[in-house]
Amino acid sequence: MALCEGIIGIVEEEARSRSFSKVKAVCLEIGALSHVAPEAIKFCFEAVAARSIAQGARLEIIATPGIAWCMACSQGVEIKQRCEPCPSCGSYQLQVTGGEEMRVKTLEVA
């Protein structure tokens, strides 16, 4: 619920700074390693948005993969969770480089 309130806060701040009065759609980017459950966001968004400029807005979620750099085989690899081995060489020497984000990517406004 708190994450959805934060999202609505970002939307309302943008509405104030860019002078729009209605949000039709909110597009979020949620990384696989962000510890954010897209299903929970979908469940809470409508309830939180109902008291805001985003009432009735469509929620779109773009899932981004977890990305890590393997120090053993010197390549970028996709991972589903932390602490798993490199899918290419089996090494555990991975440095996460992407997929931790949760951000408002775009807004469709009126």
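Colleague: Which strands does H1 lie across, and at what angle does H1 run to S6?

Modeller: This is a predicted model. In it, H1 lies across S1 and S6. H1 runs at about 45° to S6.

Colleague: What makes S2 and S6 edge strands?

Modeller: Three strands, in the order S2-S1-S6, form an open sheet with mixed pairing. S2 and S6 (102–109) each pair on one side only, so they are its edge strands. On average, neighbouring strands here are turned by 20° against each other, direction ignored.

Colleague: Why are S1 and S2 said to pair?

Modeller: Pairing needs at least two bridges. S1 and S2 have 7 bridges, in the parallel sense, so they count as paired. One of the residues to look at is Glu29, whose bridge partner in S2 is Ile62.

Colleague: Now H2. How do you know that its span is close to the expected one?

Modeller: Helix H2 (residues 38–49) has 12 residues. Its first and last C-alpha are 16 Å apart, and 16 Å is expected at 1.5 Å a residue.

Colleague: Why do we say the buried residues of H2 line one face?

Modeller: Buried means under 20% relative accessible area. Ile41, Cys44, Phe45, Val48 and Ala49 are the buried residues of H2. Down the axis of H2, they fall within an arc of 125°, so they line one face. The face turned away carries exposed Glu39, Lys42, Phe43 and Glu46.

Colleague: What do the buried residues of H2 pack against?

Modeller: They pack against helix H1 (2–18), strand S1 (23–31) and strand S2 (58–64). H2 lies across S1 and S2, at about 170° to S2.

Key. Residues numbered from 1 in each chain as written. Predicted model: local features only at pLDDT ≥ 70, side-chain atom pairs only at ≥ 80, totals over all residues. Heavy atoms only, no water. Helix = DSSP H or I, 4+ residues; strand = E, 2+ residues; numbered from the N terminus. Expected span 1.5 Å × (residues − 1). Buried < 20%, exposed > 50% of the residue type's maximum accessible area, 1.4 Å probe, protein only. Arc of directions from axis to C-beta. Contact = heavy atoms within 4.5 Å. Axes fitted to C-alpha atoms, helices over the stretch in contact; angles between N-to-C directions.
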